[in-house]
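Keep the sequence and the structure side by side as you read.

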Amino acid sequence: MAIAEIIVSAYMSTPNKLYTLDQYSIFTTLEVIGVFVLCKNWKYRFLDKDNIANKFINLLARYSYGLYLVHAPILHIYLKFFRFPYSIRMPLLIIAVIGTSIILLAIFNRIPYVNRVIGVK
């Protein structure tokens with residue numbers, strides 16, 4: 001489903017405007033369900049392995065609520081500066097937004113009262 005969403009977005013995008021599907025579209029819904037099931041079953045498969053994928057999944061799980069809160073403004077800022085072709089822009093945006101969000105949340109986690117709001121455990 002993610003591939004179908006990427007194909008539809010790439011087909012309907014113009015060089016100056018990135019087309020994004022509605023958050024309630026069938027592609028987005030199925031993609032979110034698939035990612036949820038993947039992450040849910042990931043820990044049971046690789047629970048005792050101490051590899052980089054498990055560390056990254058645990059980091060995302062730890063910061064998930066905070067990522068939900070801060071990713072939209074960060075994405076909005078990055079969309080103004082990333083002027084690459086679509087096939088290069090999307091992977092760069094994913095890496096930049098997640099990385100910046102986690103760094104920002106790690107800083108916010110050290111501020112007294114703010115750490116209660118962002119939900120980092």
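Leu-105 is found in helix α5. Helices here (H or I, at least four residues) and strands (E, at least two) are DSSP runs, numbered from the N terminus. The model is predicted, so local features need pLDDT of at least 70 and side-chain atom pairs count only at pLDDT 80 or more, while totals for chains, interfaces and linings use all residues. Residues are numbered from 1 along each chain as its sequence is written, and side-chain values use heavy atoms, with hydrogens and water left out.

Is Leu-105 buried or exposed? Leu-105 counts as buried, at 0% relative accessibility. Buried means under 20% relative accessible area, exposed over 50%, and partly exposed in between (1.4 Å probe, protein chains only). Leu-105 touches Tyr-63, Gly-66, Leu-67, Val-70 and Ile-118, with residues up to four places away in sequence not counted. Contact means heavy atoms within 4.5 Å.

Now step back to the whole chain. The protein has six helices and zero strands. From the N terminus on, its elements run α-α-α-α-α-α. Of its 121 residues, 20% count as buried. Take the contacts with a separation of 6 or more: residues 24 or more positions apart account for 51% of them.

Where do the buried nonpolar residues gather? The largest nonpolar core has nine residues: Tyr-63, Leu-67, Val-70, Ile-74, Val-97, Ile-102, Leu-105, Ile-118 and Val-120. A nonpolar core is a set of buried Ala, Val, Leu, Ile, Met, Phe, Trp, Tyr and Cys residues joined through side-chain atoms within 4.5 Å. In soluble globular proteins, nonpolar side chains tend to be buried together.

The two helices named above also pack against each other. Two packed helices are described by the angle between their axes and the distance between the axes. The axes of α4 and α5 come within 9 Å and cross at roughly 125 degrees. Helix α4 is therefore oblique to α5. Axes are lines fitted to C-alpha atoms, for helices over the stretch in contact, and angles run from 0 to 180 degrees between N-to-C directions. Angles under 35 degrees count as roughly parallel, over 145 as roughly antiparallel, 65 to 115 as roughly perpendicular and the rest as oblique. The crossing of α4 past α5 is right-handed. A crossing is left-handed if the near helix is turned anticlockwise from the far one by less than a right angle, and right-handed if clockwise.

Which residues make the contact? From α4 come Gly-66, Leu-67, Val-70, His-71, Ile-74, Leu-75, Tyr-78 and Leu-79. From α5 come Leu-93, Ala-96, Val-97, Ile-98, Thr-100, Ser-101, Ile-102, Leu-104 and Leu-105. These residues divide into 13 nonpolar, four polar and no charged. Here Ala, Val, Leu, Ile, Met, Phe, Trp, Tyr, Cys and Pro count as nonpolar, Asp, Glu, Lys and Arg as charged, and the others, Gly among them, as polar.

Look at single residues in this contact. Ile-74 touches Val-97, Thr-100, Ser-101 and Leu-104, leaving out residues up to four places away in sequence. Ser-101 sits in helix α5 and is buried, with a relative accessible area of 0%. Beyond its neighbours within four places in sequence, Ser-101 is in contact with Leu-67, Val-70, His-71 and Ile-74. Leu-79, in helix α4, counts as partly exposed at 31% relative accessibility. Leu-79 and Leu-93 are 14 residues apart in sequence and 8.0 Å apart in space, C-alpha to C-alpha.

Next, follow the chain past α5. Tyr-113 lies in the loop between α5 and α6 (114-118). Its phi is near 50 degrees, a positive value in a residue other than glycine. Tyr-113 is exposed, with a relative accessible area of 62%.

Ile-118 lies in helix α6 and is buried, with a relative accessible area of 5%. Ile-118 and Gly-66 are 52 residues apart in sequence but 4.7 Å apart in space, C-alpha to C-alpha. Setting aside neighbours within four places in sequence, Ile-118 is in contact with Tyr-65, Gly-66, Leu-69, Leu-105, Phe-108 and Asn-109.
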